[in-house]
Amino acid sequence: MRTLNPAVKFIALLAVTLILAAKHDPILNFAVFLLSMAAILSARVKPRTLALLLLPILLAAAGMFFTGYRFHAGGDMPVRAEILDIGSSALWNGLTQASRVLAYAGAGYLFALTTDRLLMVRSFQRQFHLPQVFAYGLLAAWGVFPQMALEYRRTRAAFRARGIRVFPVSPALLKPLLVKSVRWSEALSMAMESKGFSGQSRRTDFDPVRVRPRDWLFLLLTVGVTAAAAALL
């Protein structure tokens, strides 16, 4: 999964989510979710990391299940105790709502956890004709993120050294970080201009990102199998 072209992978997973949006079947949704989890684990993502990321998704899915189970077509008020019936429309509606959350999250995590961000920007610039200024701005912003985290920790340490207690999202912490970010962006802009960078000039790639046959095969298999399963269920 990590070696696939990010642009093609994005199109394939987007097509899968669109098919799921048009089909209300929990079996298909659960199948997509389980396949996504298997693909993520096969890409050597740590199970503990995946479990932590899935925790809020599972909570949201549980909430959607009980919401769909209670407020279904023909549901009445007030709430009363009911016995789960596997053939009831209430249970089917609850499973449908919960499984949609899991399926969409699974497809999103599959793209996010198995895609290199630098390769993604290069692929989007090549295949989707992303403007150079926007692409290089994203690359520069990701390069600044570690410096922002380091500056945040330094600012918190300075407050603790002076005996001042602040909340993690206190304006006293975020204000100097914002000022530093503006200064970094100005310095980066001046550096790019001094090196002759221009967003209007045509540029060549030393190692261009290409769409290979296996990328097309992944796109066809993913969309084809999902569409066939949606048609059969």
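**Figure 1. Overall fold.** Residues 24 or more positions apart account for 75% of the protein's contacts with a separation of 6 or more, where contact means heavy atoms within 4.5 Å. This is a predicted model: local features need pLDDT of at least 70, side-chain atom pairs count only at pLDDT 80 or more, and totals for chains, interfaces and linings use all residues. Residues are numbered from 1 along each chain as its sequence is written, and side-chain values use heavy atoms, with hydrogens and water left out. The protein has 8 helices and 0 strands. Its pattern along the sequence is α-α-α-α-α-α-α-α. Helices (H or I, at least four residues) and strands (E, at least two) are DSSP runs, numbered from the N terminus.

Figure 2. Along the principal axes, the C-alpha atoms fill a box of roughly 70 × 60 × 30 Å. Of the 233 residues, 33% count as buried. Buried means under 20% relative accessible area, exposed over 50%, and partly exposed in between (1.4 Å probe, protein chains only). The accessible surface comes to about 15,100 Å², with 68% of it belonging to carbon and sulfur atoms. These areas come from the Shrake-Rupley method with a 1.4 Å probe.

**Figure 3. Charged side chains.** The protein carries 27 positive and 11 negative side chains. The centres of the two sets lie 10 Å apart. Lys and Arg count as positive, Asp and Glu as negative; His and the chain ends are not counted. Each charge is placed at NZ of Lys, CZ of Arg, CG of Asp or CD of Glu.

**Figure 4. Aromatic rings around F65.** The protein has 6 aromatic pairs. F65 and F66 form an edge-to-face pair, 5.2 Å centre to centre with 75 degrees between the planes. F65 is buried at 15% relative accessibility, whereas F66 is exposed at 55%. F65 also pairs with Y69, this time stacked: 6.0 Å centre to centre, 20 degrees between the planes. F65 and Y69 sit 4 residues apart in helix α3 (residues 47–70), so about one helical turn separates them. Y69 is buried too, at 11% relative accessibility. Rings of Phe, Tyr and Trp (its six-membered ring) pair if their centres lie within 6.5 Å; planes under 30 degrees apart count as stacked, over 60 as edge-to-face and the rest as tilted.

**Figure 5. An aromatic cluster.** F10, F111, F124 and F128 form one aromatic cluster.

Figure 6. Most residues other than glycine have a negative phi. R44 is not a glycine, yet its phi is positive, about 65 degrees. R44 lies in the loop between α2 (26–42) and α3. R44 is exposed, with a relative accessible area of 77%. H129 likewise has a positive phi, near 55 degrees. H129 belongs to the loop between α5 (117–127) and α6 (132–161). Its relative accessible area is 66%, so H129 counts as exposed.

**Figure 7. A38 and L110.** A38 is found in helix α2. A38 is partly exposed, at 44% relative accessibility. A38 and L110 are 72 residues apart along the chain, and 9.5 Å separates their C-alpha atoms.
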